[in-house]
Amino acid sequence: MSRFDQEWALVPPGARWTAVLLALAFAALMGGIFLLPALLGHDPKALVIVSPFFLLTLLGAVPIAVYVLLLGYVWGDARRRGMNHVLWTFLALLIPYAVGLILYFIIREPVRAPCPACGTPAPRTHAFCACCGTAVRAYCPGCRQPVEAGWRNCASCGQALHQAAAAPPA
């Protein structure tokens, strides 16, 4: 499964169908505005003139569908990251000019790492699984706080990390 397929799977089916239905509704509305008067007037010249404008308005359906799909992605991604998915989806929807979407992508939390023993997602700030106590990340032997690769000293207690305990391979 490719990375795109994994991310696409986060978009709920309801958001996919809503995007399709809104795009079709927009196309029907634009067809009613542009094409219906030309068809009812039985004027072939008007239909030839209006048809390209109708086709250009169909390009407006694309941003609508993309926006709805992005809102669906925010819903699924926030749930995966353990964030308040309802709040973030409403913020992304209600803050105008896609600023809410941009804020979400800037502020979102990192993806949680699954515990190698029980599979429970653990936040990045945890070195051990809250359910079973298994080490999820490398940790300081002194204070048992999570540390990152390449650190010489623990950021919490200052202890040298030449003997830092590593998390078991996932």
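Phe 128 and Tyr 139 are both buried, where buried denotes a relative accessible area under 20%, exposed over 50% and partly exposed the range in between (1.4 Å probe, protein chains only). The model is predicted: local features need pLDDT of at least 70, side-chain atom pairs count only at pLDDT 80 or more, and totals for chains, interfaces and linings use all residues. Residues are numbered from 1 along each chain as its sequence is written, and side-chain values use heavy atoms, with hydrogens and water left out.

**Aromatic pairs**

- Five aromatic pairs are counted under the rule that rings of Phe, Tyr and Trp (its six-membered ring) have centres within 6.5 Å, with planes under 30 degrees apart called stacked, over 60 edge-to-face and the rest tilted.
- One of them joins Tyr 104 and Phe 105 in an edge-to-face arrangement, at 5.4 Å centre to centre and 70 degrees between the planes.
- Tyr 104 is buried at a relative accessible area of 0%, whereas Phe 105 is partly exposed at 33%.
- The ring centres of Phe 128 and Tyr 139 lie 4.7 Å apart with the planes at 50 degrees, so this pair is tilted.
- Phe 128 and Tyr 139 both lie in the segment after β2 (121–122), so their pair ties together parts that are eleven residues apart in sequence.
- One aromatic cluster is formed by Tyr 73, Trp 88, Tyr 104 and Phe 105.

- Glu 7 belongs to helix α1 (residues 3–8); helices (H or I, at least four residues) and strands (E, at least two) are DSSP runs, numbered from the N terminus.
- The relative accessible area of Glu 7 is 13%, so the residue is buried.
- Beyond its neighbours within four places in sequence, Glu 7 is in contact with Tyr 73 and Arg 80, contact being heavy atoms within 4.5 Å.
- The side chain of Glu 7 makes a polar contact of 2.4 Å with the side chain of Tyr 73, and a polar contact of 3.4 Å joins the side chains of Glu 7 and Arg 80.
- A polar contact is a pair of N or O atoms within 3.5 Å; within protein, one must be able to donate a hydrogen and the other to accept it, and residues adjacent in sequence count only if both atoms are side-chain atoms.

- Ile 106 lies in helix α6 (residues 99–107).
- Ile 106 has a relative accessibility of 64% and therefore counts as exposed.
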